[in-house]
Amino acid sequence: MNFMVSSDGIAAGVHQTLERPFGIDRVERLYSWAGATASWPNRTEPGGSRGLDDYFTRDFARNIGAEIMGRNKFGPQRGPWQDHEWQGWWGDEPPFRTPVFVMTHHPRPSFSLSDTTFHFVDGDPVTVLEQAREAARGMDVRLGGGVTTVRQFLDADLVDTLHVAVAPVKLESGLRLWDSPDELRDRFHLESVPSPSGVTHHLFWRR
């Protein structure tokens, strides 16, 4: 949901660090459309745009009961956890406000920040989705990324709907969601809606 890629299908770079969570330079080229909206959850000043882009940022939390993300979306550490004091990129009040299931081969104890609880789980997509559905209590489960995690769930045929915002920039190298959105047409209906911001919103729903 609200997944952001370049026009050549790239969502992140391969050289992720603490200072560069997306592993690419000038990452705002992918998400500036969302940050400009009135409903952007991290907005600290009044204002912002309304319209199509704002609809998608406003819809971010609607009926979401749990989130699944890959370990690389939580932080840049690899292998066994060396620092349990560091609690991710999301600050003291993460924007999720639900249980979050972080997929990792190196589980660690769960912890809560404000009204978000992070659980670190080692399992295949089917198993992790079952855990998230139970925690969601009948609400939707959001697949938050990153690109490797989204691809895993697509390959396992576990995605019902998908919203991908395609920015009008080319990155040429990095982690790629697709070569073309047409790759998913065998399983999904697709509607593409251009926005005045220059972003094109691709909406997929299962056939």
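Q: Where is Gly146 found?

A: Look in the loop between β7 and α5: that's where Gly146 sits. Labels like these come from DSSP runs, with helices being H or I stretches of at least four residues, strands being E stretches of at least two, and numbering starting at the N terminus. A cis peptide bond links Gly145 to Gly146, and its omega is about 0 degrees. Keep in mind that this is a predicted model: local features need pLDDT of at least 70, side-chain atom pairs count only at pLDDT 80 or more, and totals for chains, interfaces and linings use all residues. Residues are numbered from 1 along each chain as its sequence is written, and side-chain values use heavy atoms, with hydrogens and water left out.

Q: Okay, next the helix after that loop. Which residues in helix α5 are buried?

A: A residue counts as buried under 20% relative accessible area, exposed over 50%, and partly exposed in between, using a 1.4 Å probe and protein chains only. In α5, which covers residues 147-155, the buried ones are Val147, Thr149, Val150, Phe153 and Leu154. Look down the axis of α5 and these buried residues fall within an arc of 160 degrees, so they line one face of the helix. That arc is taken from the directions that run from the helix axis to the C-beta atoms. Just past α5, Asp157 has a positive phi of about 60 degrees.

Q: Now sheets. In what order do the 5 strands of the open sheet come?

A: Here's the general idea: strands of a sheet pair through backbone hydrogen bonds, in a parallel or an antiparallel way. To be called a pair, two strands need at least two bridges between them according to DSSP. In this structure the order is β5-β6-β4-β3-β7, with mixed pairing. The edges are β5 (111-113) and β7 (140-145); each has a single partner strand, so one side of each has no neighbour in the sheet. On average, and ignoring direction, neighbouring strands here are turned by 25 degrees against each other.

Q: How many bridges pair strand β3 with strand β4?

A: 4 bridges, and β3 (residues 64-70) pairs with β4 (residues 99-103) in the parallel sense. Ile68 stands opposite Phe101 in β4, and the bridge partner of Met69 in β4 is Val102. β4 also pairs in the parallel sense with β6 (residues 116-121), over 5 bridges. Val100, for example, has Phe118 in β6 as its bridge partner. 4 of the 5 residues of β4 are buried, so this strand is largely enclosed by the rest of the structure.

Q: And the other sheet: which are the edge strands, pairing on one side only?

A: First, its layout: an open sheet of 4 strands in the order β1-β8-β11-β10, with mixed pairing. Its edge strands are β1 (3-5) and β10 (188-194). β1 and β8 run parallel and are joined by 3 bridges, and Phe3 has Val164 in β8 as its bridge partner. Helix α1 (residues 28-35) packs on this sheet, touching β1, β8 and β11, and its direction makes about 135 degrees with that of β1. Touching is about contact, meaning heavy atoms within 4.5 Å. For the angle, axes are lines fitted to C-alpha atoms (for helices, over the stretch in contact), and angles between N-to-C directions run from 0 to 180 degrees.

Q: What about a single side chain? With which residues is Trp90 in contact?

A: Skip its neighbours within four places in sequence, and Trp90 is in contact with Met69, Lys73, Phe74, Pro95, Phe96 and Phe118. Trp90 lies in the loop between α3 (71-74) and β4. Its relative accessibility is 26%, so Trp90 counts as partly exposed.

Q: Is Arg137 buried or exposed?

A: Exposed, with a relative accessible area of 76%. Arg137 belongs to the loop between α4 and β7, and its phi is positive, about 55 degrees, although it is not a glycine. Asn63 is another non-glycine with a positive phi, about 60 degrees. You'll find Asn63 in the loop between α2 and β3, and it is partly exposed at 36% relative accessible area.
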